[in-house]
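Welcome! Please take a look at the model below, and then we will walk through how its parts meet.

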Amino acid sequence: MPQTTYVEAIRQGIWEEMERDSTVFVMGEDVAVYGGAFKVTKGMLDRFGEMRVVDTPLAESGIVGAGTGAAINGLRPILEMQFADFMGCGFDQITNFAAKCRYRWGQSIPMVIRAPAGGNIHGGPFHSQNVEMPYVHTPGLKVVQPATAYDAKGLIKAAIRDNDPVIFLEHKYLYRSVKEHLPTSPYTVPIGKAKVHREGSDISIITYGWMVHVADEAAGRAAAEGISVEVLDLRTLVPLDRGAVLATAKKTSKIILLHEDTLTGGLGGELAGIIGEHAFDYLDGPLVRIAAPDTPVPFSETLEKAFLPSSDQVLEKTRWLYRY
Amino acid sequence: MSASATAPLRATFDRPLCDRLLYYMVLMRELEDRIESKLYRQGKVLGGCYTGRGQEAIPVGSAILSRARDWLTPSHRDMGALLIRGITPREILAQYMGRATGLTKGRDGNMHMGCARRHCVPIISSIGASIPVATGLAFAMRYRDESNVVFNYSGDGASSRGDWHEGINIAAVMRLPIVFLCNNNHYAYSTPLDKQMRIADIAVRVKAYGIPAEIVDGNDVFAVHTATQRAVEHARSGKGPYFIECKTFRMSGHSAHDAADYVPRGLREEWSKKDPILMLQKYMVEHAGADEQDFVDLRQRVLDEISEAVEWALNQPYPDPATVEDGVYEVR
């Protein structure tokens, strides 16, 4: 049986939910006839028809507002932002309306906003950003970013069934670079649960998205040097699995907080706060943050490589922290 | 005075309908007046305080045509629409006072209220943001092949927002069943229309998107009602959205704290001669067999209803501080 790519896993997950629930529909720019910029919705128009696979004008705020209205009126929209970078055009609708509906008037918004995020694809400043933090900072939203094909399928299905708005960040570099054998029977992956991607005992790397694989590669190289590294894949940023974060922190006592997003205001700071507050007495070294520098995402190959956290960088910090 | 208000009584504007329209317009006028002139100044209502004084004909003349399964997205000068949908003065006052029994349970204030059961989406304070939301509500109606429509309310200021243009365009492209009611009251806070746009009519903008748009005297409840009827028939029969620009004037400041000194002297006096309630009453005397005593009695009945509701609301509990974190996410 062939392996399933990350992008195909998401497509299958959406497809299965659309088969299962007639209120689920997809809406966005170029999603129907064209099948989406990354082909996540390929074939859906033929199967589900134009009422459930909807091409829209180029209008992110309009799309999010329409999705929210449809959710209020009994549907379960899956909205595609062509690139996560452009989700900012719908920021007001997401943060001022969709996120606040339940708190303001008890209204569920069962809506998924899918957004291809992340770099390492030579996309430059407008097609490579990691935009999670403004949404992580908005009460009322859930924020998810899978690192594997298995999780991508299970989490998109869970997101579609969730009764709160979910920002579903898909890593563009992972779309076709990771694949695995998926179960043939339906499954979901719960939102809000981290997963130990790799077990270890000396150092914990807490991360998510593509960086799970970067951490894993560094951990493999460290193992050859006798350093046992645990990699915790958060999978969900909101609600954050604090239990899993503190468990790995208390287990290894040496922590690296790794993300592809830029350093200042990134999730690493929040994780450091949680660990500092609740596991301070367990720490045997400083909390180490590895992140992209505080710049826009550059285009040129040499610059982008310098910008993105690498397994070399992670290995170097791992060695340093191990010896600390 | 517009033509329709002096025209002979037509069957659709019989006495019972006139009475209903007048009741909701007077209730809106007096309830807002009690909130702004009394409760706000007495410190019993905190926060912002917006009224639709002088604009009552727009929400009342249109929302009276809504059916139970239609959806409404009223703006902050459309209290009459909420009243017509069955939201009570008690609930509105408890909302203004931040009480636990208000429509948002103290989560939000003043006119920022709605109710899913009665198909009213609460105001989104980013003006114009309700337009895309209306397209989604309408899309779901089409999805289920219903003949319901959305009544969307906004003002002149909203038509400068990107959301307005995105939403109007989506509604046009997808031919969605939406009746857009625009209250062009000539001021967005302190900004007059000529600083908002280089044209006089918002309808011109709308027509460019391929949506039928008409301009009516927003102070003439029959004109609003008649146009809305046309619009609703258009939308219900699958012909897509319809836009009604209601020319009116904001007879108050932007909110209770605003004396509106920026409004040229005399302009408000001029518009006060076109008071929508007085216009309706004049019509009712001339064509529907009403007399002044009927209006005195109605006003008294409304004032009594409001007084009772104020007493009730003042005795409602505040939300329990321990619940401050509740309701952000679904609890399963």
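The centres of domain 1 and domain 2 of chain A, taken over C-alpha atoms, are separated by 26 Å. Domain 1 of chain A covers 4-180 and domain 2 covers 195-323, with bounds that come from an automatic or database domain assignment. This is a predicted model: local features need pLDDT of at least 70, side-chain atom pairs count only at pLDDT 80 or more, and totals for chains, interfaces and linings use all residues. Residues are numbered from 1 along each chain as its sequence is written, chains are lettered from A and ligands numbered from 1 in the order in which they are written, and side-chain values use heavy atoms, leaving out hydrogens and water.

**Between the two domains of chain A**

- In chain A, 27 residues of domain 1 are in contact with 24 residues of domain 2, where contact means heavy atoms within 4.5 Å.
- Domain 1 and domain 2 of chain A bury about 2,100 Å² between them, 58% of it on carbon and sulfur atoms; buried area is the accessible area (1.4 Å probe) that two parts lose on being put together, summed over both.
- On the domain 1 side, His122(A), Met133(A) and Gln145(A) lose the most area to domain 2 of chain A, together 24% of what that side buries.
- The count between these domains of chain A is 1 salt bridge, a term for a side-chain nitrogen of Lys or Arg within 4 Å of a carboxyl oxygen of Asp or Glu.
- Arg235(A) forms a salt bridge with Asp151(A), and their closest N and O atoms are 2.9 Å apart.

**Between chain B and chain A**

- The contact takes 39 residues from chain B and 43 residues from chain A.
- Together, chain B and chain A bury about 3,200 Å², 60% of it on carbon and sulfur atoms.
- Within chain B, Phe139(B), Tyr143(B) and Tyr329(B) lose the most area to chain A, together 22% of what that side buries.
- Which residue of chain A forms a salt bridge with Asp108(B)? Arg104(A) does, with the closest N and O atoms 2.7 Å apart.
- Helix 6 (130-143) and helix 7 (162-173) of chain B each supply at least two residues of the side that touches chain A; helices (H or I, at least four residues) are DSSP runs, numbered from the N terminus.
- Helix 6 of chain B gives the most to that side, with 10 residues.
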